Amino acid sequence: MFGLFGKKEKKEETKEQHPEFLKLVEKWDAFLGKMTTRFNESLVNAEEALIDNLEENDYDIDPTMTAWQGIKSQLQGLRTKIDTTFDDKVAPQMQEYIERWKLIDQNQKGVRLGEEFLDRIERFEIILEGKISKKFYDHAVKGLNENFTCTQCSAKIEVRKDVFHSHYVSCDYCNTVNTFTPNDKITQIRWVVDNLAKHTAITEWDTMQQAKKEFQDIRPPREEQDKTEYITAYKKREETERAFWIKYFTERSEFLPDYKETIEHDVDVKMKWFYEERKRDLNF
Ligand SMILES: [Zn+2]
């Protein structure tokens, strides 16, 4: 019996060393390499194209953001392409040499790359939207003070650089109260500020993502098991997530000072789901 079993093992091993099988593995690796190259190039091209797009559209930010959503779904599609290529082509061919359950290692290579793509798209989006928003912001802010004069005496009136909605401004010369109505671009500043703040907090975002990954790598302990490592990982997540939101809301309030007083509250609102998750998990 024992000898027979040993023999069978050896036979399986030989199958996995089969030159035709190894060729298929090589082909699969080359395909994944090609996907990575294509992904990397697409990111570089996307950034250049979208920045150009913003200038060509005379700083109308909406078409640029719509174009990005299109590129984004193409990038996400590369992950689907990896999955279907494996299922439809690679797996059936490999199965001629090894059993289905032994394909898991080969399958995992593709799954991991697909997940890496999604993570990188998420991070790329923060940087890209940050850069586009900065370019837009610098342009729009220039227009803040242009041609705004007193209706009564025609004196030039300075407008606050941090209020992007309609508001009253008194004339320094004759005290007449004028209504400042920003143009469309200036109204949009209010929206790009979120992107600018998030981009500025990218270091904190990275640290937070790292803590999340470390947390996910820990198997949740059962009732009777030691929870120290798990609790520590939760603590790290809490600290890094808080640090991110504090940085984010602080940066945001630099553009929108009205929000300075609510930073603490805004951070708490963002952290709420974290505490709910921890409560469910650890009961505190
Ligand atoms: Zn005046």
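Colleague: How many residues does helix 2 have, and how far does it reach from its first C-alpha to its last?

Modeller: This is a predicted model, to be clear. Helix 2 covers residues 19-56, which is 38 residues. The span from first to last C-alpha is 54 Å, close to the 56 Å expected at 1.5 Å a residue.

Colleague: Which residues are buried in helix 2?

Modeller: Leu-24, Trp-28, Leu-50 and Leu-54.

Colleague: And what covers the buried residues there?

Modeller: The cover includes helix 3, residues 61-94, and helix 4, residues 104-142.

Colleague: What follows helix 2?

Modeller: Asp-58 follows, with a positive phi near 50°. Tyr-59 has a positive phi too, near 65°, and is not a glycine. Tyr-59 sits in the loop between helix 2 and helix 3.

Colleague: Why is Tyr-59 classed as partly exposed?

Modeller: Because it has 17 other C-beta atoms within 10 Å. Buried would take 20 or more, and exposed 12 or fewer.

Colleague: Switching to helix 4. At what angle does it pack with helix 5?

Modeller: About 140°, with the axes 8 Å apart. Helix 5 is residues 184-200. The crossing is left-handed.

Colleague: Which residues meet there?

Modeller: From helix 4, they include Ile-126, Ile-127, Phe-136 and Tyr-137. From helix 5, they include Ile-186, Ile-189, Val-192 and Leu-196. By class, the contact has nine nonpolar, five polar and four charged residues.

Colleague: OK, the loop between helix 4 and strand 1. Where is phi positive, say for Ser-154?

Modeller: Phi of Ser-154 is near 65°, again in a residue other than glycine. Ser-154 is in that loop, between helix 4 and strand 1.

Colleague: Is Ser-154 buried or exposed?

Modeller: Exposed, because it has 11 other C-beta atoms within 10 Å.

Colleague: What about Asp-162, where is that found?

Modeller: In the loop between helix 4 and strand 1, the strand being 167-170. Asp-162 is partly exposed, because 15 other C-beta atoms lie within 10 Å.

Colleague: Which residues is Asp-162 in contact with, leaving aside neighbours within four places in sequence?

Modeller: Phe-255, Leu-256 and Pro-257. For Glu-229, which is 67 residues along the chain from Asp-162, the C-alpha separation is 45 Å.

Colleague: Last one. What domains does the assignment give?

Modeller: Domain 1 is 1-143, domain 2 is 145-182 and domain 3 is 201-284. The centres of domain 1 and domain 2, over C-alpha atoms, are 52 Å apart.

Notes
Residues numbered from 1 in each chain as written. Predicted model: local features only at pLDDT ≥ 70, side-chain atom pairs only at ≥ 80, totals over all residues. Domains from an automatic or database assignment. Helix = DSSP H or I, 4+ residues; strand = E, 2+ residues; numbered from the N terminus. Expected span 1.5 Å × (residues − 1). Contact = placed C-beta atoms within 7 Å. Axes fitted to C-alpha atoms, helices over the stretch in contact; angles between N-to-C directions. Left-handed = near helix turned anticlockwise from the far one by under 90°. Nonpolar A, V, L, I, M, F, W, Y, C, P; charged D, E, K, R; others polar.
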